[in-house]
Amino acid sequence: MEQTQDNPIAVTPEGEAPPAPETPADAGPADELEKWKRLSRENEKRWKQASKELEGIRQAQMTEQEKAIESAKAEARKAALAELGTSLVEAEIRAQAAAAGVTVPTDYLDLSRLVAEDGRADRGRVSELIASLPKAETQPEFPQLMGTGYHRSDGSDISSMDPNELADFIAGGSFI
């Protein structure tokens, strides 16, 4: 953007002046946040468009030899990611399985089917795989056993260990 002392208005490459940011006097923090988010999205769109134009210009100005070099680089990158793709998928499976609390034996899986076109792990397919697995059953918790030693009574009024009183208490829940 160009700016001179005589003309304080910034000029975009298209020759248009950017819109002036609106700041109402009674704007709250939520309005201010939305304004900056909107401006950020606009700037990101402009940046992506400018990057595409720049890449197009670079491609147009390349010689045949430079194009061959670039295609060889892309081919080598693709080959390297293809080699490492399955290990990236395996790591992604292990991470998502650990978060879900399941175990996945990756020895018997065709990991190449979970590799995305860019050579990395396809997270969507991996999450579908993890969601399709049965959840680990929780083991039933054993009741807390009292064991030997002194224990407080649990509200029963048994004062003696007379077998007749104990039998009556067990049979009816109270003394006879």
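Predicted model: local features only at pLDDT ≥ 70, side-chain atom pairs only at ≥ 80, totals over all residues.
Trainee: Is Lys 48 buried, partly exposed or exposed?
Mentor: Buried would need a relative accessible area under 20%, and exposed one over 50%. Lys 48 comes out at 45%, and Glu 44 at 43% falls in that middle class too. So Lys 48 is partly exposed.

Trainee: How far apart are N and O in the salt bridge of Glu 42 and Arg 38?
Mentor: Both residues lie in helix 1, which covers residues 29-61, and they're four residues apart, about one turn. Glu 42 is partly exposed at 28% relative accessibility, and Arg 38 is partly exposed at 31%. Their side chains meet with an N to O distance of 3.5 Å.

Trainee: What is the residue spacing between Lys 73 and Glu 70?
Mentor: These two form a salt bridge, with the closest N and O atoms 3.8 Å apart. Glu 70 is partly exposed, at 36% relative accessibility. Both belong to helix 2, residues 64-100, and about one helical turn separates them, the spacing being three residues.

Trainee: Which residues do salt bridges with shared partners join into one network?
Mentor: The structure holds nine salt bridges, including the one between Glu 42 and Arg 38. Through shared partners, the network joins Arg 38, Glu 42 and Arg 46.

Technical notes: Residues numbered from 1 in each chain as written. Heavy atoms only, no water. Salt bridge = Lys/Arg side-chain N within 4 Å of Asp/Glu carboxyl O. Helix = DSSP H or I, 4+ residues; strand = E, 2+ residues; numbered from the N terminus. Buried < 20%, exposed > 50% of the residue type's maximum accessible area, 1.4 Å probe, protein only.
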